[in-house]
Amino acid sequence: MSPTETRPFVSPDELWSTGSPLRSFAESAITVGLFLCALVTVLTTTGIIVVLSVESVEFFRQSGVSLFDFLTGTELKPELSPPKYGILPLVWGTLVIAAGSTMIALPIGLLSAIYLSEYAPKHVRNLLKPALELLAGIPTIVYGYLALLIVTPMLKAIFEPIGIRVETFNALSACIVVGVMIIPLVSSLSEDVLSAVPRGLRESAYGLGATKFEVSTRIVLPAALSGVVASFILALSRAIGETMAVVLAAGMRPRITLNPFTSVETMTTYIVAVTNGEASHGSPKYLSLFAVGMALFVMTLMLNILSGLVLRRYREVYQ
Amino acid sequence: MNPSIAEPKYQPHRVARRWAGPIFGIACFLATLTGVLVLSVVLGAVIAAALRQPGAAPWYHLGTNLRELFDLLVGLVQKPQSSDPLRAGFRAGVVGSLWMLGLVGLMAIPVGVGAAVYLEEYIAPGPFRRIIQTNIANLAGVPSIVYGILGLALFVRAFGMKEYALGRTLIAGGLTLGLLVLPVIVISTQEALRTVPNSLRQAALALGATRWQMVRDHVLPAALPGILTGTILSLSRAIGETAPLLMVGAAGSIGVLPRSPFDRYTVLPVEIYNYAKNPKVQFQTVTAGGILILLLLLLTMNATAIIIRNRYARSG
Amino acid sequence: MALLLVLQGCGGGTSSPTVEVDGSSTVFRISEAAREEYSQLNPNVTVVVDNHGTGGGFSNYLNGEIDIVDASRNAKPDEEAKAKAQGIPWSRFTVGTDGITVVVNPKNTFVKSLTVEQLKTIWEPDSKVKTWNDVDPSWPAQPIVFYSPDVDSGTFEFFTEAIIGKARQQRDDVQPSSDDNTLVNGVAGDPDGIGYFGYAFYEENANKLRAIPIQPNSDAEAVAPSVSTILDKTYRPLSRPLYIFVKQASLRKAAVRGFVDYYLGHLDVLAKKGGYVPPSPEEKEANQKALSSGQAVPTTSEKDAA
């Protein structure tokens with residue numbers, strides 16, 4: 001879909017033939033400036049990798065846990081002696097929350113975006129789109145308390161009469177709340193991309209007798225697909241990295257379970273718990289948070305590389 | 001050809017198609033409504049918690065309740081931090097959050113838009129660009145607390161080099177949050193730039209504009225609504241962040257207001273977080289009031305950006 | 001970019017004399033009250049209090065970033081060794097006492113008291129206790145729901161060390177939370193719940209909870225937690241002292257000295273504001289002695305640090 005794929009690439013030097021040296025200097029200076037802006041992102045990643053690696057290496061050295069045990073261990077019990085530092089329960093918790101929340105946010109977000117761009121009258125759209133964006137700004141701790149004080153009691157009221165025990169801290173609450181939190185990421189960004197599809201495309205489809213449903217789903221959506229998928233990935237990334245809401249809603253019990261009504265621990269909540277806790281800095285328990293952080297970083301990197309590969313096959317180009 | 005004997009693929013399916021549209025439309029509408037519904041529930045719950053006084057007027061006395069709410073919030077904004085719930089307020093947090101908002105916007109928006117422009121307009125698509133792009137997408141998913149760790153090591157402590165260390169100051173926090181929101185700004189700006197049709201660019205170039213002139217005068221204004229969306233979403237996130245700021249030095253308890261970017265500070269979410277942990281029951285009301293102040297701040301911020309966005313929106 | 005480099009050149013810091021305090025979120029409430037009162041008397045001194053946890057407080061102290069550590073536990077031997085090695089020894093002062101209260105739901109009327117032994121069987125790792133009946137045959141056979149502070153909390157560390165005998169070892173199937181108010185709500189809403197947290201959280205919610213008197217051993221009487229029993233240390237073994245560790249070099253600075261003088265001189269009011277019991281008269285005397293002598297109070301605990 002990206003226009004840059006068909007646009008002939010013109011180097012900045014060839015762009016202007018007459019012009020003062022001042023303009024040429026300004027042009028180069030701006031190019032360099034913009035390059036430095038892009039460089040900031042690379043430096044950020046470098047910084048994160050450096051900080052995490054140095055301390056992770058220290059963790060493995062001090063605790064004596066092997067990399068294999070860390071990556072494949074299913075028990076996370078730093079209090080035992082010898083301590084067990086298996087990361088799989090945390091990975092499982094992260095995946096559960098990410099999957100559950102995106103299952104809620106992606107359909108609702110996408111349908112909202114389609115509604116706002118295709119169906120809603122202009123003044124309704126101008127009212128509802130900012131309202132949804134406000135959801136993104138509610139502080140994450142509020143979402144956490146929302147889960148504890150409203151969602152979990154609601155779940156208890158629904159499920160306990162039929163005999164399912166709902167714990168005070170459960171994964172389902174966290175999924176619901178994080179899902180709601182990331183709806184605006186999908187809806188607002190997708191709506192922007194959907195609205196930008198040229199009107200001509202829609203008109204020609206209507207001219208051929210398509211219904212609104214067909215135009216929305218078979219013409220407009222595919223044209224905007226890469227932007228929509230980009231918003232999906234942004235939302236998924238946010239869900240994986242969400243901390244405070246999950247801490248308050250899902251509790252902190254690292255384990256691999258399929259029961260959504262019980263507590264889990266994710267990689268991010270583990271990091272927060274150790275950071276704010278009473279472990280003395282420099283102890284293996286404290287250093288383990290860097291190792292977990294590194295694992296999380298690598299995991300999201302692989303996810304992004306994979307989705308980048310998949311996306312490139314589905315770009316649609318239009319002019 | 002008689003439609004009823006045509007292959008299923010070519011039949012008009014008039015009835016199904018006629019109904020698919022409205023049903024789909026209703027589904028979309030309900031989806032949108034879900035988001036708005038949750039927003040109302042959250043607001044309602046927080047307002048109810050803020051107003052919970054014994055003997056208060058019943059909830060439908062809107063006038064009295066709104067007036068009481070207004071007085072409560074105005075009072076809270078002016079009072080400093082205190083361990084006494086009757087004297088406690090969010091003065092330091094509001095000022096700190098506003099400072100933080102300004103610093104983050106000032107630093108992250110130009111750098112983010114600049115990076116996006118560079119990636120979209122100045123580099124050819126190819127492996128180099130793909131790597132940077134994947135890198136940025138990855139950064140968007142790094143948990144906020146990792147940015148806190150980075151900010152602590154880099155800005156607050158400067159990897160141990162004391163002369164360059166910024167200490168636990170506003171600017172260190174602003175830089176940390178700036179890095180946090182940078183990926184979102186870059187990604188959404190890039191998507192906005194991609195929606196600008198190529199014809200616009202080529203027309204500008206054909207008239208003799210330099211690349212930067214084309215970008216500045218034609219592409220950016222056309223992409224502005226989308227850029228603003230991304231900016232709004234990211235600044236909203238920055239203002240609600242707690243964990244990374246706790247790590248880089250937002251104070252748990254502070255009495256003075258910051259007067260320069262090099263002062264100690266605290267922000268609204270951190271104050272809310274600390275008040276919420278206090279055992280005294282009256283602090284729950286104070287906490288709810290703080291959440292409302294934060295939401296109002298957000299609303300104002302969003303509204304301003306939206307007005308700007310609507311003014312520049314393309315009608316096509 | 002250039003802006004960043006320029007900014008890096010100017011180190012940070014507030015203009016007026018600053019006292020930096022950091023550490024336990026438990027002791028935070030006392031230090032915060034001290035800051036508030038002191039700032040009203042002395043507005044030109046800036047006091048900043050953070051709560052990064054006791055471990056975080058000591059770490060920041062060893063990095064040279066703060067003057068006072070709030071601590072809900074004693075300093076560990078390696079922390080103390082590092083402080084001495086870097087030439088920044090401290091003085092320890094007792095600023096209050098907290099009594100960890102074991103609570104159940106008010107609907108639970110059958111638990112009259114608990115001995116330390118019973119508590120141990122209830123909370124120990126791999127415990128066989130699943131219902132109230134398992135603890136005492138005369139109690140109903142309802143399954144117990146356990147609410148506990150999370151594994152990184154100082155309260156958790158102290159409780160497990162005092163009751164189970166090994167720090168941070170506890171049964172697995174509990175509902176952990178880093179927020180004590182959440183634990184309060186949990187037990188208050190669950191007739192089968194049992195939980196523990198600081199006394200202040202019980203006191204504020206006494207109408208929603210029931211505190212259990214604790215019997216230290218089979219000869220002693222069961223003692224309920226209250227301000228007086230925590231003060232005279234008869235509520236055992238769940239009373240714990242709360243400390244601040246002040247850098248001795250900082251005590252030579254007028255701003256810090258003034259703050260610490262005020263702090264230690266008004267502990268009755270300040271501890272109470274924080275929701276704790278003030279230190280006993282003997283502890284206050286020891287504080288004054290440490291303050292005037294400028295000697296480091298021996299800070300390693302008698303039993304081995306956890």
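Which residues in α3(A) meet which residues in α8(A)?

**Entry 1: basis of the model.** I noted that this is a predicted model, in which local features need pLDDT of at least 70 and side-chain atom pairs count only at pLDDT 80 or more, while totals for chains, interfaces and linings use all residues. Residues are numbered from 1 along each chain as its sequence is written, chains are lettered from A and ligands numbered from 1 in the order in which they are written, and side-chain values use heavy atoms, with hydrogens and water left out.

**Entry 2: confidence in chain A.** I looked up pLDDT, the predictor's confidence in each residue, from 0 to 100. The average for chain A is 82, and 91% of the residues score at least 70. Where pLDDT is low, the predicted coordinates should not be read in detail.

**Entry 3: elements of chain A.** I found 12 helices and two strands in chain A. These are DSSP runs numbered from the N terminus (helices: H or I, at least four residues; strands: E, at least two). From the N terminus on, the order is α-α-β-β-α-α-α-α-α-α-α-α-α-α. The C-alpha trace of chain A spans about 75 × 60 × 30 Å along its principal axes.

**Entry 4: α3(A) and α8(A).** I recorded that the axes of α3(A) and helix α8 (residues 212–223) of chain A come within 11 Å and cross at roughly 110°. Axes are lines fitted to C-alpha atoms, for helices over the stretch in contact, with angles from 0 to 180 degrees between N-to-C directions. α3(A) is therefore roughly perpendicular to α8(A) (angles under 35 degrees count as roughly parallel, over 145 as roughly antiparallel, 65 to 115 as roughly perpendicular and the rest as oblique).

To answer my opening question, A:Leu110, A:Ile114, A:Glu118 and A:Tyr119 in α3(A) meet A:Lys212, A:Phe213, A:Ser216, A:Val220 and A:Leu221 in α8(A). Contact means heavy atoms within 4.5 Å.

**Entry 5: domains.** I consulted the domain bounds, which come from an automatic or database domain assignment. Chain A is given domain 1 (14–63) and domain 2 (84–314). The C-alpha centres of these two domains of chain A lie 30 Å apart, and their contact takes 13 residues from domain 1 and 11 residues from domain 2.

For chain C, the assignment gives domain 1 (17–97 + 241–305) and domain 2 (101–237). In chain C, 29 Å separate the domain centres, taken over C-alpha atoms.
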